[in-house]
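I opened this notebook page to record what I looked up in the structure. The entries follow in the order in which I made them.

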Amino acid sequence: NIMSEKLDLIKKILARCKRKDERLTLPLIMSHCLPPSSKWSPPVMIDNISGGGLKFHSAKRLKSGAKFNAKIDLPNKLQPISINGKIIWCEKINSKKDPKKPLYNVGVEFLKMDNQDRHKFVSYLCEEILFQYLTDEGKMKPKWI
């Protein structure tokens, strides 16, 4: 059937990826805080995201292993989803806007998510994967063949 064929195509695509999870570049915005602090950061764009983690830019160096809470705005959802995780890595990069100001890439692993938020998140990611890799007719887009 068509759904199993689409699923097989997606499995083949994901098998090519070296990561545990496929990373997608999506226009998502998040705020975060680092417990025990309850102060939330201003909203920032997420560089890439998967079912297991995300990457974003930070003006501050964040400590590897630190607890991390995020609120991510998903398109067409009134409430952001909440995710608990930990910082896996943080590396200094050169800022293109202002070379004198430090900028860091930060990698976060997801640890815990409310079941309702997980359902919203997984549904959103699945839709985006289908949109990026398959045509409306269910065939692989030429750049992925």
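I began with a definition: a polar contact is a pair of N or O atoms within 3.5 Å; within protein, one must be able to donate a hydrogen and the other to accept it, and residues adjacent in sequence count only if both atoms are side-chain atoms. I noted that this is a predicted model, in which local features need pLDDT of at least 70, side-chain atom pairs count only at pLDDT 80 or more, and totals for chains, interfaces and linings use all residues. Residues are numbered from 1 along each chain as its sequence is written, and side-chain values use heavy atoms, with hydrogens and water left out.

**Entry: Asp117**

I found Asp117 in helix H2, residues 115-133. Helices (H or I, at least four residues) and strands (E, at least two) are DSSP runs, numbered from the N terminus. The side chain of Asp117 comes to 3.0 Å from the backbone nitrogen of Ser82. I listed Ile81 and Ser82 as its contacts (heavy atoms within 4.5 Å), with residues up to four places away in sequence not counted.

Buried means under 20% relative accessible area, exposed over 50%, and partly exposed in between (1.4 Å probe, protein chains only).

**Entry: strands**

I then followed strand E5, residues 81-93, which runs antiparallel to strand E4, residues 67-73, with 6 bridges joining them. Two strands pair if DSSP finds at least two bridges between them. Phe68 stands opposite Gly85 of E5. E5 also pairs with strand E6, residues 103-113, in the antiparallel sense over 10 bridges. Here I recorded Glu109 in E6 as the bridge partner of Lys86.

**Entry: cysteines**

How many disulfides does a search of the whole structure find? I recorded 0, a disulfide being a pair of cysteine sulfur atoms within 2.5 Å. Cys33 counts as buried because its relative accessibility is 4%. Cys90 counts as buried at 15%.

I located Lys141 in the segment after H2. Lys141 is partly exposed because its relative accessible area is 22%. Beyond its neighbours within four places in sequence, Lys141 is in contact with residues including Phe131 and Tyr133.

Met3 lies in helix H1, residues 2-16, and is exposed, with a relative accessible area of 59%. Met3 and Gly138 are 135 residues apart in sequence, yet 8.7 Å apart from C-alpha to C-alpha.
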